[in-house]
Amino acid sequence: MAEVNKNGLGKTQLDMLNSLYRHHGWYAGCGWIWNTKSGTVRILEALLKRGLVAKVDNGSSTGKYTLTDAGIEVLCEDSYLFKARYEASLAKSKSKAGAVIFRPHRPNLEGSLELAVEVPSKAALVDVIKKRYSFLTVPVTVESLEFKEYGYDERINWDTQVVTLKDYGVLGFTSKPFSE
């Protein structure tokens with residue numbers, strides 16, 4: 001018997017919703033399918049009937065399927081990691097123009113995102129670090145911080161930069177490079 005979650009969806013349907021989120025939708029020829037084109041459309045149509053996806057005409061033979069708010073809610077209920085990714089993505093999109101989000105280094109992503117703060121400048125980040133890491137014995141200045149490209153993190157949609165403190169180590173990560 002297939003495993004069903006509390007919303008009455010099977011694993012394949014939940015995986016499809018996750019794929020729609022990661023790939024920003026699906027249409028014929030977009031580059032990914034679920035086994036076959038017809039199999040993909042069959043699953044999407046079932047999710048459409050439940051109101052978890054929407055279908056818009058985009059000129060392709062199948063139209064484009066995208067997540068609805070209800071689909072996103074199902075994913076948030078099903079996975080704390082998805083909820084963390086989604087909330088981080090929302091925070092990034094709602095942040096002030098030019099602002100950077102800093103999350104401290106923690107054992108897991110969820111814990112790190114719970115402590116994330118918006119910092120408009122490197123100087124503001126220094127203030128945040130001095131408060132959060134008051135136990136540090138090395139001086140924290142803009143000059144003592146190093147920012148290096150860490151790569152794109154698809155879990156939270158960040159162009160991640162690792163923040164290290166000279167003579168100490170990794171302090172955390174930023175959502176994008178500072179413009180200054």
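Modeller: Buried means under 20% relative accessible area, exposed means over 50%, and partly exposed lies in between (1.4 Å probe, protein chains only). At 76% relative accessibility, Asp167 therefore counts as exposed. This is a predicted model: local features need pLDDT of at least 70, side-chain atom pairs count only at pLDDT 80 or more, and totals for chains, interfaces and linings use all residues. Residues are numbered from 1 along each chain as its sequence is written, and side-chain values use heavy atoms, with hydrogens and water left out.

Colleague: In which loop is Asp167 found?

Modeller: Helices (H or I, at least four residues) and strands (E, at least two) are DSSP runs, numbered from the N terminus. Asp167 belongs to the loop between β6 and β7. Although Asp167 is not a glycine, its phi is positive, at about 65°. The two strands form a hairpin, with 3 residues between them.

Colleague: How many bridges join strand β6 to strand β7?

Modeller: Two strands pair if DSSP finds at least two bridges between them. Here β6 (residues 158-165) and β7 (residues 169-174) run antiparallel and are joined by 5 bridges. Leu165 has Gly169 in β7 as its bridge partner, while Val162 is partnered by Phe173 of β7.

Colleague: How many bridges join strand β3 to β7?

Modeller: Strand β3 (residues 100-104) is joined to β7 by 3 bridges, and these two strands also run antiparallel. At one place, Pro104 stands opposite Gly172 in β7.

Colleague: In what order do the strands form the open sheet?

Modeller: The order is β4-β3-β7-β6-β5, which makes 5 strands with antiparallel pairing. The edges are held by β4 (117-119) and β5 (145-153); each has a single partner strand, so one side of each is left without a neighbour in the sheet. From one strand to the next, the twist averages 35°.

Colleague: Let us turn to the helices. At what angle do helix α1 and helix α3 pack?

Modeller: Axes are lines fitted to C-alpha atoms, for helices over the stretch in contact, and angles run from 0 to 180 degrees between N-to-C directions. Helix α1 (residues 11-23) packs against helix α3 (residues 69-78) at an angle of about 115°, and their axes are 10 Å apart. Angles under 35 degrees count as roughly parallel, over 145 as roughly antiparallel, 65 to 115 as roughly perpendicular and the rest as oblique. The helices α1 and α3 are therefore roughly perpendicular to each other.

Colleague: Which residues of α1 and α3 make the contact?

Modeller: Contact means heavy atoms within 4.5 Å. Helix α1 contributes Leu14, Leu17, Asn18 and Tyr21, and helix α3 contributes Gly71, Val74, Leu75 and Asp78. Ala, Val, Leu, Ile, Met, Phe, Trp, Tyr, Cys and Pro count as nonpolar, Asp, Glu, Lys and Arg as charged, and the others, Gly among them, as polar. The residues of this contact divide into 5 nonpolar, 2 polar and 1 charged.

Colleague: Where does Ile33 lie?

Modeller: Ile33 is in the loop between α1 and α2. With a relative accessible area of 46%, Ile33 is partly exposed. Not counting residues up to four places away in sequence, Ile33 touches Trp26 and Thr40. The C-alpha atoms of Ile33 and Ser19, 14 residues apart along the chain, are separated by 9.7 Å.

Colleague: Is Asn35 buried or exposed?

Modeller: Asn35 is exposed, its relative accessible area being 71%. Asn35 is found in the loop between α1 and α2 (37-49). Its phi is near 70°, a positive value in a residue other than glycine.
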